[in-house]
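Welcome! Please take a moment to look over the model below before reading on.

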Amino acid sequence: HVISQQLKNYFIAEFDIPLNKIKMGYLLESESDPEEVATHDHSELEQECKILFVGRMEQQKRPYMMVDLAKRLKKDGVKFSITMVGTGRLKELTEQFAKRAGVTDVMTFLGGFSHAEVLEAMKQYHMLVIPSDNEGLTLTGYEAALRKLAVMSTDVGSQKELVCADMLLPRHTYPCAKKMARLVRQCINDRGFYERVIAEQD
């Protein structure tokens with residue numbers, strides 16, 4: 001069993017394993033798959049785009065990139081809020097960066113949530129941002145897509161199997177930061193783009 005098309009192709013190419021001997025399945029728990037979820041009306045984003053980060057506050061996840069996003073959006077006069085869910089060695093540092101950048105009024109740090117609490121909280125948000133330095137394939141991304149959040153992620157690991165092509169971010173810090181802000185503004189200002197992103201994640 002493998003969890004991505006990329007791994008499937010790797011095992012076929014490198015180990016000459018027959019196609020019928022490989023099964024692909026995503027590691028979703030029963031609670032991860034919700035009942036029918038309605039897409040947020042785009043007018044909600046225009047009033048306040050609610051952005052979510054979920055993950056360990058470690059270098060791999062680059063939580064401090066969300067401070068950069070907040071600073072850029074605030075400078076542009078965008079109506080938004082960012083909620084940070086997670087704990088780790090970079091939590092305190094990221095909070096300090098937020099204070100220094102003057103964005104504590106639009107950023108909330110909630111600490112650790114249980115899996116069930118994360119799934120429940122997702123219902124309140126419009127976007128999930130995954131600015132990681134490296135990943136395989138994120139379960140959180142799948143769960144957010146199932147709940148009709150627009151998922152934005154760095155183009156690392158097998159994330160392109162989950163994330164709409166237009167919502168993939170470059171891995172390097174500066175171009176990643178610029179594109180994050182541009183895509184949030186585009187989702188807010190372009191109803192058709194936002195709705196297409198949600199549709200392509202299904």
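In what order do the strands of the open sheet lie? The order is S3-S2-S1-S4-S5-S6, an open sheet of 6 strands with parallel pairing. Here strands are DSSP runs of E with at least two residues, helices are runs of H or I with at least four, and both are numbered from the N terminus; two strands pair if DSSP finds at least two bridges between them. Strand S3 (107-111) and strand S6 (168-169) each have a single partner strand and stand at the edges, so one side of each has no neighbour in the sheet.

This is a predicted model, in which local features need pLDDT of at least 70, side-chain atom pairs count only at pLDDT 80 or more, and totals for chains, interfaces and linings use all residues. Residues are numbered from 1 along each chain as its sequence is written, and side-chain values use heavy atoms, with hydrogens and water left out.

Strands S1 and S4 pair in the parallel sense over 2 bridges, and Leu52 stands opposite Leu128 in S4.

| Strand | Residues |
|---|---|
| S1 | residues 49-54 |
| S4 | residues 127-130 |

Helix H4 (residues 91-101) packs on the sheet, where it touches strand S2 (80-85) and S3. Its direction makes about 165 degrees with that of S3 (axes are lines fitted to C-alpha atoms, for helices over the stretch in contact, and angles run from 0 to 180 degrees between N-to-C directions; contact means heavy atoms within 4.5 Å).

Overall, the protein chain has 8 helices and 6 strands. Of its 202 residues, 46% are buried (under 20% relative accessible area, with a 1.4 Å probe and protein chains only).

Notes:
Buried < 20%, exposed > 50% of the residue type's maximum accessible area, 1.4 Å probe, protein only.
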